[in-house]
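Please look at the model first and then read on.

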Amino acid sequence: MKVILAGAGAFGIKHLEAAAKIDGIEVVSLVSRDPEATAKVARQWKIAHHTTDLAESLGQPGVEAALLCTPTQMHAKQAVQCMRAGKHVMIEIPIADSLADAEIVVQTQRDTGLIAMGGHTRRFNPSHQWIHQRIEAGELKVLQMDVQTYFFRRTNINALGQPRSWTDHLLWHHACHTVDLFQYQTGQLVSECYALEGPKHPSLGIAMDMSIGMKVPGGAICTLSLSFNNDGPLGTFFRYICDNGTYICRYDDLFDGKNNQIDVSKLDVSMNGIELQDREFFAAIAQHREPNASVAQCLTAMRTLDKLEQSLKQGAKLGGRVA
């Protein structure tokens with residue numbers, strides 16, 4: 001299968017690494033904003049064609065699918081462009097930075113009938129898969145998820161320490177992972193939610209600290225703390241408090257509540273969540289089926305994010321006043 005990749009930054013590299021491990025996948029074109037940087041990455045990965053024009057990349061002979069690893073603000077428009085060009089598309093999380101744009105992406109997928117998937121990697125990490133399989137088997141029930149998403153990003157830099165051309169967002173990007181996972185693991189949609197945010201960065205214009213609370217009808221709750229001010233261990237750490245044990249997920253690794261590691265190495269064909277995510281995308285195309293984390297499935301998380309954004313706006317209106 002011939003595919004293109006848009007976005008030669010830190011996450012684009014992760015997907016190139018993943019694609020290299022999947023038989024039958026050939027990345028034939030790389031598209032990104034900086035000509036020199038794009039050419040350099042293309043040479044490193046032996047990609048024959050590179051460009052700064054997505055349409056040119058989509059027009060390469062035999063291309064069937066696109067992986068979008070571009071800035072969040074470009075996701076929806078580029079996803080629609082890919083599908084209108086007749087290409088299947090995997091959109092890195094989030095599929096859009098607003099509910100309205102997410103709905104356009106989902107409608108375009110319905111109109112074209114193509115495979116369109118969101119990059120909700122947490123569904124595929126072996127650690128979270130282990131939890132999900134036991135929930136499905138009736139062995140576990142989530143009572144509470146306690147999640148910390150912590151970075152140190154007071155300037156516009158990416159995961160490789162390189163300057164970014166865009167501004168990241170705690171709610172529409174990083175919270176999206178946990179909002180989707182909470183609903184996925186409980187099998188229910190969020191019925192109650194609220195969000196609080198700290199002061200906005202003077203030049204970036206975004207909140208650097210955020211707290212989110214959610215509840216589903218079955219009673220399970222989720223507490224999510226996010227920060228770009230954290231100068232310490234970086235990343236996202238999940239604690240599942242269940243009726244039958246407590247479990248801690250650190251990306252692809254899983255521990256019990258006493259910090260004993262649980263072996264999940266045989267759970268799937270890889271221990272790399274991004275590789276497993278990409279494998280699902282390519283398998284869905286080959287099998288003509290809806291993928292896990294299709295854009296239609298992702299829409300429920302976008303609706304919850306929209307509610308959380310409204311909560312923040314309402315809080316800003318109230319200011320220091322008692323409601």
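Two strands pair if DSSP finds at least two bridges between them, and strands (E, at least two residues) and helices (H or I, at least four) are DSSP runs numbered from the N terminus. The model is predicted: local features need pLDDT of at least 70, side-chain atom pairs count only at pLDDT 80 or more, and totals for chains, interfaces and linings use all residues. Residues are numbered from 1 along each chain as its sequence is written, and side-chain values use heavy atoms, with hydrogens and water left out.

An open sheet of 6 strands runs in the order S3-S2-S1-S4-S5-S6, with parallel pairing. Strands S3 and S6 stand at its edges with a single partner strand each, so one side of each has no neighbour in the sheet. On average, neighbouring strands are turned by 20° against each other, direction ignored. S2 and S3 pair over 3 bridges in the parallel sense; Leu30 has His50 in S3 as its bridge partner.

| Strand | Residues |
|---|---|
| S2 | residues 26-31 |
| S3 | residues 49-51 |
| S6 | residues 116-119 |

The second topic is Asp209. This residue lies in strand S9 (residues 209-215). Asp209 counts as partly exposed because its relative accessibility is 29%, where buried is under 20%, exposed over 50% and partly exposed in between (1.4 Å probe, protein chains only). Its contacts (heavy atoms within 4.5 Å) include Leu170, Gly198 and Ser227, not counting residues up to four places away in sequence. Tyr150 is 59 residues from Asp209 in sequence, and 9.3 Å separates the two C-alpha atoms.

How values were computed: Axes fitted to C-alpha atoms, helices over the stretch in contact; angles between N-to-C directions.
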